[in-house]
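Please keep the structure in view while reading.

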Amino acid sequence: MIDLYDKLIFNLSSEGDAGISLPEIDVPEVEISDVIPPEFLRKSPPVMPSISEPDVMRHFVALSTKNHHIDKGFYPLGSCTMKYNPKINEDLARLSEFTAAHPLFPENAVQGTLSLLYELKELLCEIAGMDAVTLQPAAGAHGEFTALLMIRACHKKNKRNPEKIILPDSAHGTNPASVIMAGYKVVQIKSNDRGLVDIDQLSAHCNDDLAAFMLTNPNTLGLFESEIQKIAHLVHDAGGLLYMDGANLNALLGLTRPGDMGFDVVHFNMHKTFSTPHGGGGPGAGALGVKSSLEPFLPVPVVNRKNDRRGNHLFFLDYKRPDSIGKVHSFYGNVANLIRAYCYIRNLGPKGLKEVSQTAIVNAAYLREKLKDMFELPYNGDTMHEFVLSGSRQKTRGVKTLDIAKRILDFGIHAPTVYFPLIVPEALMIEPTETESKASLDNFIEVMKIIIDEIENDPEKVKSAPHNTPVSRLDEALAARELDICYNE
Ligand SMILES: *Cc1c(COP(=O)(O)O)cnc(C)c1O
């Protein structure tokens with residue numbers, strides 16, 4: 001069947017159709033060339049489709065369902081925290097009081113926005129157990145890079161010049177990339193057989209040349225580093241700083257805090273934990289929380305507060321910070337995302353945030369228990385918000401994890417993260433998040449059962465998937481590098 005609304009909007013155009021109806025003109029008509037000098041008039045009419053309102057709607061709704069998205073179905077993309085984004089956040093971020101403000105407005109004209117940003121900093125400090133926050137970085141990776149520049153500035157202030165950053169082999173790919181960008185050297189240490197930091201290996205590298213240890217906790221296998229306090233002591237005793245990749249705080253909210261575990265700095269992805277929409281590379285916000293030892297080095301401007309003569313709060317952008325690493329973003333960061341995150345936090349409150357993490361953990365544990373017999377579960381610890389399966393058993397039958405991921409798409413579900421973390425062969429990294437119902441999780445389990453059955457009885461069906469998507473197997477590297485956005489009939 002050819003979908004009528006799959007066509008270009010111009011191909012749907014039919015002379016005389018219109019999506020608007022204007023009243024009869026009741027004023028004298030003027031000759032347009034009497035009003036606009038003829039040399040400025042276009043020579044030919046604009047090319048516009050003639051199309052009725054229902055057809056416009058159907059055309060764009062059809063387009064909007066070509067891609068998978070969180071409003072369409074389950075999205076268990078591990079490490080990406082694809083939770084449902086409440087629409088109230090959108091409504092509030094779109095208030096004209098925010099959207100009509102220009103970044104060059106004087107501070108006294110944007111006191112409301114500045115007070116919201118100030119309060120968001122305080123909320124994030126409380127959530128993470130940190131002393132100060134910058135809202136400037138535009139993404140998690142940008143937060144990592146900013147933090148590494150601050151770490152360098154801090155060591156320099158203390159007349160030290162260490163060159164090494166240690167990372168576990170389960171680290172997110174942005175970690176080594178940020179380290180290199182910041183001009184440091186990466187030292188990678190192997191995880192132990194439980195998937196956690198190998199303390200002996202870590203201590204072997206804890207010496208004078210250690211600038212920082214970057215750690216994700218719970219790590220990318222979903223496992224909590226139970227020896228985190230020992231790790232913090234080792235790193236601090238060597239003069240290093242402890243960095244937490246907190247892109248994903250979804251397992252920790254209201255349960256524990258990076259600051260209490262001994263971390264000196266943590267980045268938070270507003271576009272993961274704090275429910276601002278993401279995917280497709282759109283704008284994010286990767287705020288950074290620090291302990292007071294790093295506060296002087298925060299990028300400018302910092303949103304700050306003072307009292308005016310009558311004792312009222314006056315919010316301002318603090319640029320007078322001599323030890324600051326400078327600017328990392330134009331103006332005040334991605335404010336619209338920060339507003340959404342603020343609304344999300346305020347809407348849930350301390351109790352609600354705690355429930356977010358508890359539910360995220362329970363949902364992941366439920367899926368892990370239901371799926372662990374269908375696949376291999378290489379690290380069988382108590383996982384938190386996510387877990388990693390291996391498709392090695394399926395691979396011996398000629399079906400790769402990539403094939404399974406493609407087949408999942410046929411059921412209207414996004415694929416899990418695959419082939420990451422690198423320490424698990426044929427990895428399938430699953431993070432359901434707290435916003436999925438039991439029915440949605442059970443549906444996913446049923447789909448996985450069907451696919452496992454197909455691998456036994458009809459493996460070609462899985463290997464040639466997807467069958468129901470607008471496009472089938474793309475050359476993923478080529479598709480990213482040479483984006484083909486032409487419509488071919
Ligand atoms: C998503 C993620 C990042 C990177 O965040 P971006 O906003 O995509 O730059 C870093 N670390 C971990 C653990 C992540 O999940």
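**The ligand and its surroundings**

A polar backbone atom of Ala 141 lies 2.8 Å from an oxygen atom of the ligand, a polar contact being a pair of N or O atoms within 3.5 Å. The protein covers 86% of the 380 Å² of accessible area that the ligand has on its own (Shrake-Rupley method, 1.4 Å probe).

The model is predicted: local features need pLDDT of at least 70 and side-chain atom pairs pLDDT 80 or more, while totals for chains, interfaces and linings use all residues. Residues are numbered from 1 along each chain as its sequence is written, and side-chain values use heavy atoms, without hydrogens and water.

The residues surrounding the ligand (a heavy atom within 4 Å) include Ser 79, Glu 144, His 172 and Asp 245. Helix H6 (residues 140-157) gives the most to this shell, with 3 residues; helices are DSSP runs of at least four residues, numbered from the N terminus.

Elsewhere, the search finds 2 cavities of 30 Å³ or more. A cavity is a set of points on a 1 Å grid over the protein atoms alone where a 1.4 Å probe fits but cannot get out, and its lining residues have an atom within 4 Å of a point. The volume, the space filled by probe spheres set on the points, is about 60 Å³ for the largest cavity. Leu 117, Val 133 and Tyr 332 are among its lining residues. The second largest cavity holds about 40 Å³, and its lining includes Arg 194 and Glu 225.

Definitions and conventions
A polar contact is a pair of N or O atoms within 3.5 Å; within protein, one must be able to donate a hydrogen and the other to accept it, and residues adjacent in sequence count only if both atoms are side-chain atoms. Helices (H or I, at least four residues) and strands (E, at least two) are DSSP runs, numbered from the N terminus. On a 1 Å grid over the protein atoms alone, a cavity is a set of points where a 1.4 Å probe fits but cannot get out, and a pocket is an open set with protein on both sides within 12 Å along at least five of seven lines; lining residues have an atom within 4 Å of a point.
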